[in-house]
Amino acid sequence: MKITLICPTFYTPNGDLFRPAKAMMPPLTPLFLAGLVPPRHSVSVVDEAIQTLNFDDPVDLVGITSTSINIRRAYEIADEYRRRGVKVVMGGIHASTLPEEAMEHVDAVVLGEAEDSWPELLDDVERGTLRKSYNRPARESLEGLPFPRYDLIAADRYVKLPFSDLPLLPVQTTRGCPHNCDFCSVTRFWGKKIRFRPIPEVVAEIKASKGRAIFFTDDNFFANPKRTQELCEALEPLKIRFMCQIDTTARQRDELVRATARAGCFMAFIGVESLDPRSLAEFNKQFNKPDEYANLIGMLRKHSIGVYASIMFGLEHDDSHTVDTTVDFLIQNKVDLSAFFRLTPFPGTALFERMKERSQLVDNQWWLHLGTGIRSLVKYADKPCISDALVKQANKRFYSIGSIVRRYSRRHRMKLIPLLLNLNSRKKMLSSDGSCSF
Ligand code: B12
Ligand code: SF4
């Protein structure tokens, strides 16, 4: 069979499809699913953000991965292939959360983790016995997962960092997160219990990829300090540079941060979310302690690890003053990069249920209407929610030339990388009028 695996792009608030000249990183999901396809089939991968889909290319089966951000586009693609008589299947976090909705657009939905159901589905397609849905239990052990097919990426369409011939490559070493922040889909989907891939397999995968720049997609790279320490020791000889995602409790882990830096970490993505304890309480993220953010940032800088802060605006008490206080803090503390998001109630999360119950959703199916004029996804009884305007305000200040210069920290081990990434973010921000990136 000829199989095409697609990661759809998404609609920006301005109604355009997101299509950067170059993307930061190839999507892991289709590469990983391609790795699970038996060699008797031929398989290709399309990252629609940087590649154009040709619906006329002959194909027997199309597999689409979905999030709530790209689902509108995902359904359009599915509808178009089915109109042409091609079988289409879908999986991923959105289709798993709302399988009935997805079934309207595809021949089969794969719920949850697909290590066992995807090969089963492929056999069924060959036999002509495709079912409407597949839902095999998640594997307890992550031993023996196939390596993602990094050979299938259009490498020249991604930003290259100066120290690597290949783009930043996504690698997953764990699944699950022990926390349960109420806006996040992770714990519900992957579970609270962390499952680990064997370290030798992670090392072998990185070696086989030939990548020197890695993004560890684990939700929480520090979730199990002992294991992270071991992983870092095993990574050190590979001489890679990597980014990872950690939570703010890293402030208590100086030794681990040191080991992570030695292993090659140059940037940590951190779910800071807010400086306001009221927001953190609403998000069920009280383990974030705003009083200790500065220490954490200082500690990471001491070890030459850059900070990429993720911030969210749009709760009822957020206003333009909140943005100013937050951006002042980020500039004063020389935070290297920030992603500002509008409050987004993803279906299946506690946040979504709460806002729905309080009639605070602008649209109960906002994901189907992204890019059709919706600016903020939530509303409040006595005032409009201005999250989109707050995001714009934050982007404009944080990515102003003055701010970039003030934040530029010579102690950073990769010196030029934060500067390049800032200029890239500034370019993106200017071309999108500072709006949220989805
Ligand atoms: C790494 C990551 C990123 C990276 C992307 C890296 C990359 N290029 O690969 C970056 C940092 C760029 C990113 C950005 C964003 N992300 Co993100 N990201 C993740 C993260 C941590 C891991 C994704 C991953 O690689 N998983 C590994 C793969 C193998 O797992 P998987 O996709 O779930 O696939 C498995 C199954 O779902 C299934 N499957 C999936 N698709 C299909 C398709 C078929 C046909 C089949 C058979 C099976 C199948 O099979 C796979 C194997 O079991 C997830 C959280 C998580 N743990 O999943 C969030 C997550 C996907 N991101 C999320 C969000 C919201 C975003 C952003 C909008 C920013 C934000 N607000 O946080 C942006 C949007 C980017 C975009 N263009 O869409 C949300 C999505 C929520 C939702 N309901 O849609 C998640 C779930 C995190 C969360 N907070 O809840 N992200
Ligand atoms: S936001 Fe981060 S820390 Fe919170 S549940 Fe999601 S992955 Fe875990």
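**The sheet and its helices**

Modeller: Strand 1 (residues 2-7) and strand 2 (residues 42-47) pair in the parallel sense, with 6 bridges between them. Strands here are DSSP E runs of at least two residues, helices are H or I runs of at least four, and both are numbered from the N terminus; two strands pair if DSSP finds at least two bridges between them. This is a predicted model, where local features need pLDDT of at least 70 and side-chain atom pairs count only at pLDDT 80 or more, while totals for chains, interfaces and linings use all residues. Residues are numbered from 1 along each chain as its sequence is written, and chains are lettered from A and ligands numbered from 1 in the order in which they are written.

Colleague: Which residue stands opposite Lys 2?

Modeller: That's Ser 42, in strand 2.

Colleague: And what is the order of the strands in the open sheet?

Modeller: The 6 strands run 2-1-3-4-5-6, with parallel pairing. Strand 2 and strand 6 (133-134) are at the edges with a single partner strand each, so one side of each has no neighbour in the sheet.

Colleague: Which strands does helix 1 touch?

Modeller: Helix 1 packs on the sheet against strand 1, strand 2, strand 3 and strand 4. Contact here means C-beta atoms, placed from the backbone, within 7 Å. The direction of helix 1 makes about 155° with that of strand 1; axes are lines fitted to C-alpha atoms, for helices over the stretch in contact, and angles run from 0 to 180 degrees between N-to-C directions.

Colleague: Switching to ligands: where does ligand 1 lie?

Modeller: Ligand 1 lies between domain 1 (2-134) and domain 2 (159-431), because both give residues to its shell. Those bounds come from an automatic or database domain assignment.

Colleague: Which residues come nearest to ligand 1?

Modeller: Of the 37 around it, Gly 63, Thr 65, Thr 67, Gly 91 and Ala 114. A residue counts as near if its C-beta atom, placed from the backbone, lies within 6 Å.

Colleague: How does that shell divide by class?

Modeller: Around ligand 1 there are 22 nonpolar, 12 polar and 3 charged residues. Ala, Val, Leu, Ile, Met, Phe, Trp, Tyr, Cys and Pro count as nonpolar, Asp, Glu, Lys and Arg as charged, and the others, Gly among them, as polar.

Colleague: And what is around ligand 2?

Modeller: Its residues include Cys 177, His 179, Cys 181 and Cys 184. The shell around ligand 2 has 4 nonpolar, 5 polar and 2 charged residues.

Technical notes. Contact = placed C-beta atoms within 7 Å.
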